[in-house]
Amino acid sequence: MTPWPTKHLTADDLDAFHSEALSSEMRLHLETCEECRRLVLLDRQVLDLLAQVPSYGPSAAFADRVMAGVRIGSPAPVPVLSFPRFTKRRIAAMVGLAAGMVASVGWSAANRPLLESWLDGSAAALWDWGTVLWQNGLTYLAAQPWFESLRSASGSPVRLAAVGALTIGLYATGLLTLRRLVTPSAGSVSNAGA
Ligand SMILES: [Zn+2]
């Protein structure tokens with residue numbers, strides 16, 4: 001009997017087989033699948049060969065040789081305050097900025113009435129623009145087919161409460177789903193060997 005669809009042993013299944021933790025489903029598959037039996041034998045051979053490889057640990061003097069090459073400098077004082085180095089370009093930029101600010105303040109003081117008339121004009125223009133945008137938005141919203149049904153629904157407190165509860169429920173479900181998605185899997189990770 002071959003389970004359908006045919007699912008051959010994966011690398012994890014091979015690890016599970018060697019640590020005698022193979023699932024009964026895959027154990028059953030192994031009994032019927034010549035291909036997977038061959039794979040298990042080859043894998044066993046690889047593991048046996050790996051076990052014969054001598055392990056190369058560092059010699060006793062290795063750490064000393066590494067540390068002999070490491071130069072540890074004496075501790076340097078850390079300045080409490082640090083400033084960027086004053087290069088010619090930085091000084092020129094700072095002088096230019098300061099000159100611009102002084103000129104701006106001077107001009108504003110000398111031309112106060114003109115400046116105030118500009119500010120009044122721009123504030124009024126901004127207010128007009130905002131009003132037109134708000135009115136257009138309301139008109140657009142009222143013209144939508146769903147607007148009337150929403151308005152009649154919000155007229156009844158019970159229905160409004162139901163819609164509110166539904167919204168909160170959807171939000172909570174979304175939060176829970178997100179939490180589930182970002183929580184790492186608690187499953188064990190199998191390793192070759194055993
Ligand atoms: Zn197979």
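Q: What makes Asp43 partly exposed?
A: A residue is buried if 20 or more other C-beta atoms lie within 10 Å of its own, exposed if 12 or fewer, and partly exposed in between, with C-beta atoms placed from the backbone. Asp43 has 17 other C-beta atoms within 10 Å, so Asp43 is partly exposed. Asp43 sits in helix 3 (residues 34-52); helices (H or I, at least four residues) and strands (E, at least two) are DSSP runs, numbered from the N terminus. This is a predicted model, in which local features need pLDDT of at least 70 and side-chain atom pairs count only at pLDDT 80 or more, while totals for chains, interfaces and linings use all residues. Residues are numbered from 1 along each chain as its sequence is written.

Q: Why does Glu20 count as exposed?
A: Glu20 has 7 C-beta neighbours inside 10 Å, and therefore counts as exposed. Glu20 is in the loop between helix 1 (11-18) and helix 2 (24-32). Glu20 also has a positive phi of about 55°, although it is not a glycine. Most residues other than glycine have a negative phi.

Q: What makes up the largest nonpolar core?
A: A nonpolar core is a set of buried Ala, Val, Leu, Ile, Met, Phe, Trp, Tyr and Cys residues joined through C-beta atoms within 7 Å. Six residues form the largest one: Leu9, Leu14, Phe17, Leu22, Met26 and Cys36.

Q: Which residues is Phe17 in contact with, leaving aside its neighbours within four places in sequence?
A: They are Leu22 and Val40, where contact means that the C-beta atoms, placed from the backbone, lie within 7 Å.

Q: Why does helix 8 lie largely in the open?
A: Of the 26 residues of helix 8, the number buried is zero, so the helix lies largely in the open.

Q: How do you know that the span of helix 8 agrees with its 26 residues?
A: The expected span is 1.5 Å times one less than the number of residues. For helix 8 (residues 157-182) that should be 38 Å, and the end C-alpha atoms are 37 Å apart, which agrees.

Q: Why is the protein chain called more spread out than a compact globule?
A: The chain has eight helices and zero strands. Its radius of gyration (over C-alpha atoms) is set against the globule rule, 2.2 Å times the number of residues to the power 0.38. The radius is 38 Å, well over the 16 Å given by the rule for 194 residues, so the chain is more spread out than a compact globule. Buried residues make up 5% of the 194 residues.

Methods
Two residues are in contact if their C-beta atoms, placed from the backbone, lie within 7 Å.
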